[in-house]
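Subject: Handover of a structure

Dear colleague,

Please find the structure below, followed by a summary of what was found in it.

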Amino acid sequence: MNVTSAKVLIIVPAFNESGNIARSIKDIQKYNHPFDILVIDDGSKDKTVQEALEAGARVVSLPFNLGIGGAVQTGFQYALEHGYDIAVQMDGDGQHDASFLVKLITPILEGQADMVIGSRFIEDNGGFKSSFSRRLGIRFFVRLIDALTGLNISDPTSGFRAHNQKIITAFADNYPQDFPEPEAIVVAKRLGGRISEVAVLMRKREGGQSSIGQLKSIYYMFKVTFAICLHMIRSRESR
Amino acid sequence: MNIHFLAILLSSLMFLFVVDLVRRHKLTFKYALAWLLVSAAGVFFAVFHKFLFKLAGFLGFELPSNFIFFTLFCVFLFLSLVLTVFLCQQNNRNDTMAQKIALLEFEIKQIKQNLSKYSPSQKQ
């Protein structure tokens with residue numbers, strides 16, 4: 001497979017991203033890749049759908065808010081149904097830089113990986129690295145995933161990632177709900193997926209707010225840790 | 001009114017109420033089963049209260065009332081856990097349906113668009 005022959009879907013989950021979504025879509029389009037862009041509107045109350053459609057994306061609109069996990073999973077279901085070779089998850093808030101798309105899918109095109117994560121921390125190349133407390137949380141997940149699976153992932157919370165058909169099929173059926181990123185890595189690993197990382201730059205959010213606030217982040221730390229530990233004692237067959 | 005009579009009356013009403021809910025299709029049997037068993041046990045112990053006292057004594061409760069409170073507490077704890085399981089199941093099904101609906105709606109819109117391309121005269 002190469003960049004032009006592979007059928008690639010860019011899944012953009014969006015919840016109330018009016019003002020950002022069109023820019024994010026145009027950012028992808030300006031490189032003229034033959035990629036399809038699918039915005040999953042997660043029950044937005046603003047003009048996200050209208051702006052995404054006007055920008056030329058396909059839009060699947062969930063009837064109510066499912067959270068990021070449910071939204072991204074809808075994208076995987078679409079990718080599976082329509083026989084895509086690769087599904088890329090990319091945020092609709094302008095954080096992720098579309099110039100890294102080809103770099104992100106290259107390990108899959110070359111058959112080197114089943115899932116590729118765009119990492120902010122591989123190279124110290126400037127770019128936005130997130131706040132101090134957030135980085136502490138990220139380091140915790142790095143250690144946890146390493147201890148439990150032996151995988152060395154430098155940016156487990158990154159939502160900029162690519163998946164091949166094997167992972168698409170699994171995630172369409174079963175994908176972690178709220179704050180799914182670190183957990184999804186463990187799920188993919190448990191399914192025998194080969195996971196790799198490439199260095200990317202991220203931008204600071206331009207508008208909207210992160211889906212994770214102060215108190216909630218403590219809840220998520222606990223929730224994700226618990227979920228990841230559960231995956232380790234769950235038998236492979238029952239998944 | 002004596003307490004024994006009151007206990008029998010209330011537990012019987014509870015049991016009949018659950019049966020009536022099932023009869024009127026307000027409760028399906030699957031979800032009513034736990035309540036039927038609990039209220040039937042209530043009637044049983046109200047009628048044969050001597051047995052209740054004996055059982056409490058056998059298990060080492062100093063007062064039969066402690067035994068009743070303890071049993072009720074355990075029953076409700078279990079019932080609420082079962083209800084939470086049902087709730088999660090419903091929640092998952094809801095989410096799956098929302099995803100299915102969203103994807104189907106998208107496909108329908110695509111088909112409509114394609115149709116209107118081929119027969120623009122019929123477009124209203």
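N32(A) lies in the loop between helix 1 and strand 2 of chain A; helices (H or I, at least four residues) and strands (E, at least two) are DSSP runs, numbered from the N terminus. The phi angle of N32(A) is near 55°, a positive value in a residue other than glycine. N32(A) is exposed, because 7 other C-beta atoms lie within 10 Å. For this term, a residue is buried if 20 or more other C-beta atoms lie within 10 Å of its own, exposed if 12 or fewer, and partly exposed in between, with C-beta atoms placed from the backbone.

The model is predicted: local features need pLDDT of at least 70 and side-chain atom pairs count only at pLDDT 80 or more, whereas totals for chains, interfaces and linings use all residues. Residues are numbered from 1 along each chain as its sequence is written, while chains are lettered from A and ligands numbered from 1 in the order in which they are written.

A second residue with positive phi is N16(A), at near 50°, and it too is a residue other than glycine. N16(A) is found in the loop between strand 1 and helix 1 (21–29) of chain A. N16(A) counts as buried, because it has 20 C-beta neighbours inside 10 Å.

Overall form of chain A

Chain A contains eight helices and seven strands. Its radius of gyration is 17 Å, which agrees with the value near 18 Å that a compact globule of 239 residues would have. That radius is taken over C-alpha atoms, and the globule rule is 2.2 Å times the number of residues to the power 0.38. Along the principal axes, the C-alpha atoms of chain A fill a box of roughly 45 × 40 × 40 Å. Of the 239 residues of chain A, 46% count as buried. Among contacts in chain A with a separation of 6 or more, 77% join residues 24 or more positions apart; two residues are in contact if their C-beta atoms, placed from the backbone, lie within 7 Å.

The sheet

The seven strands of chain A form an open, mixed sheet in the order 3-2-1-4-6-5-7, where two strands pair if DSSP finds at least two bridges between them. Strand 3 and strand 7 (195–199) of chain A are the edge strands, each pairing on one side only. From one strand to the next, the twist averages 20°; axes are lines fitted to C-alpha atoms, for helices over the stretch in contact, and angles run from 0 to 180 degrees between N-to-C directions.

Strand 1 (residues 8–14) of chain A pairs in the parallel sense with strand 4 of chain A over four bridges, and V8(A) has I86(A) as its bridge partner in strand 4. Strand 1 also pairs in the parallel sense with strand 2 (residues 36–41) of chain A, over six bridges. There, L9(A) has D36(A) as its bridge partner. Strand 4 of chain A runs antiparallel to strand 6 (residues 161–164) of chain A and is joined to it by four bridges; in strand 6, I86(A) is partnered by N164(A). Both faces of strand 4 (residues 86–89) are covered, with I86(A) and V88(A) buried on one side and A87(A) and Q89(A) buried on the other.

Core and helices

The largest nonpolar core has 67 residues, of which I10(A), L38(A), V39(A), V88(A) and I105(A) touch the most other members. Such a core is a set of buried Ala, Val, Leu, Ile, Met, Phe, Trp, Tyr and Cys residues joined through C-beta atoms within 7 Å. Leaving aside residues up to four places away in sequence, the residues that L38(A) touches include L9(A), I11(A), V60(A) and Y78(A).

Helix 7 of chain A is mostly covered, with nine of its ten residues buried. Its cover includes strand 5, helix 5 (132–149), helix 6, strand 7 and helix 8 (214–233) of chain A. Just after helix 7, G192(A) takes a positive phi of about 85°. In helix 6 (residues 165–173) of chain A, the buried residues are I167(A), I168(A), A170(A) and F171(A). Helix 3 of chain A lies across strands 1, 2, 3 and 4 of chain A, running at about 155° to strand 1.

Contact between the chains

Eleven residues from chain A and eight residues from chain B make the contact. On the side of chain A that touches chain B, strand 3 (58–61) and helix 3 (68–81) of chain A each supply at least two residues. Helix 3 gives the largest share of that side, five residues.

In chain B, F70(B) is found in helix 4 (residues 64–118). F70(B) is partly exposed, because 13 other C-beta atoms lie within 10 Å.
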